[in-house]
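Hi,

Have a look at the fold first, then read on.

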Amino acid sequence: MIDFHCHLDLYADPMKVYDEVRRRRTEVLAVTTSPRAFAKTSQYFQGTDCVRVALGFHPELVKQRPSEKQLFLEQMRYVRFLGEIGIDGSPRAKQSIPEQIEFFDEVIHAAAVYGGKILSIHSRGAVKEVLQILGKYEGKYVPVLHWFTGSVKDAEKAIELGCWFSINPNMCFTATGKRVICCIPINRMLPETDAPFTQKGMEPYMPWDKTVTSYLAKENSVGFQEMNEIFHQNLLSIVSR
Ligand SMILES: [Zn+2]
């Protein structure tokens, strides 16, 4: 199984989840919410074979922590995976949109210059702003839109821009999510959980959750194993670029 956007460091007992991740051979992209959190999480998972740690700066924190912006821009030179980064236009974060746009623009510009980066991008309530910036900088980086909540039209625009999508279980339960999933090519998607922020009943989702793979297997009239294999091929095609 694969979880391409998981806050592994934020579970109540990350090492217990990690042991299970290894036992089940789950491939996890452990996104972080600040450069400081990245440093700490990297120490834990350095050299492990199932977990890739991404350098992140959650858009909601960008205005609160200006001193970490420079740190992020310096660190990003040395890392392959970035996330979570992006823009958040939800009511709670709306007032810092100008700062978020400015910083995201700087990060994407740098990603386009460096090349080879793989990005897990947050776009809640700000899909148009995110796509506008991605459209501005062409480069050899791979943007992966995590838990995409835009319209079908937005998704089509993102596909044209070369975006990938990590599909959250919650997208499989909403009408808009299902419509968006329908228009994404099967070779541009990966599963994610965004756990522990998302819950299945009373418990957080786990990185080895089967919801997205089961849903897409059914949609594409293939078996579960075959769908899982397709996702692993997709992951391979992203990381071998
Ligand atoms: Zn997240």
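Two housekeeping points before that. Residues are numbered from 1 along each chain as its sequence is written. This is a predicted model, in which local features need pLDDT of at least 70 and side-chain atom pairs count only at pLDDT 80 or more, while totals for chains, interfaces and linings use all residues.

**The sheet**

There is an open sheet of 5 strands, in the order S4-S5-S6-S7-S8, and the pairing is parallel. (Helices, H or I of at least four residues, and strands, E of at least two, are DSSP runs numbered from the N terminus; two strands pair if DSSP finds at least two bridges between them.) Strand S4 (81–86) and strand S8 (189–191) are the edge strands, each pairing on one side only. From one strand to the next the twist averages 25°.

Leu-82 has Leu-119 in S5 as its bridge partner. S4 also holds Glu-84, and the peptide bond from Gly-83 to Glu-84 is cis, with omega near 10°. Do look at that one on screen.

Moving along, strand S6 (residues 142–146) pairs with S7 in the parallel sense over 3 bridges, with Leu-145 standing opposite Phe-165 in S7. S6, helix H6 (residues 152–160) and S7 make a right-handed β-α-β unit. Right-handed here means that, with the strands pointing away from the viewer, the path from the first strand over the helix to the second runs clockwise. The crossover from S7 through helix H7 (residues 175–183) to S8 is a right-handed β-α-β one too. S7 and S8 run parallel and are joined by 3 bridges; Ser-166 has Leu-190 in S8 as its bridge partner.

Which way do the side chains of strand S7 (residues 164–167) point? Trp-164 and Ser-166 go one way, Phe-165 and Ile-167 the other way, and all are buried (20 or more other C-beta atoms within 10 Å of their own; exposed is 12 or fewer, partly exposed is in between, and C-beta atoms are placed from the backbone). In a regular strand the side chains alternate between the two faces of the sheet.

**A helix pair**

Helix H2 (residues 35–45) and helix H3 (residues 67–75) pack at about 50°, with axes 9 Å apart. (Axes are lines fitted to C-alpha atoms, for helices over the stretch in contact, and angles run from 0 to 180 degrees between N-to-C directions.) That makes H2 oblique to H3; angles under 35 degrees count as roughly parallel, over 145 as roughly antiparallel, 65 to 115 as roughly perpendicular and the rest as oblique. Pro-35, Arg-36 and Phe-38 in H2 meet Glu-68, Leu-71, Phe-72 and Gln-75 in H3, where contact means C-beta atoms, placed from the backbone, within 7 Å.

- Pro-196 is in the loop between S8 and strand S9 (199–200), and the peptide bond from Ala-195 to Pro-196 is cis, with omega near 5°.
- Arg-25 has a positive phi of about 55° although it is not a glycine. Arg-25 is exposed, with 10 other C-beta atoms within 10 Å.
- Ser-221 is also not a glycine, yet has a positive phi of about 50°. Ser-221 is exposed, with 7 other C-beta atoms within 10 Å.

Cheers

Notes: Two residues are in contact if their C-beta atoms, placed from the backbone, lie within 7 Å.
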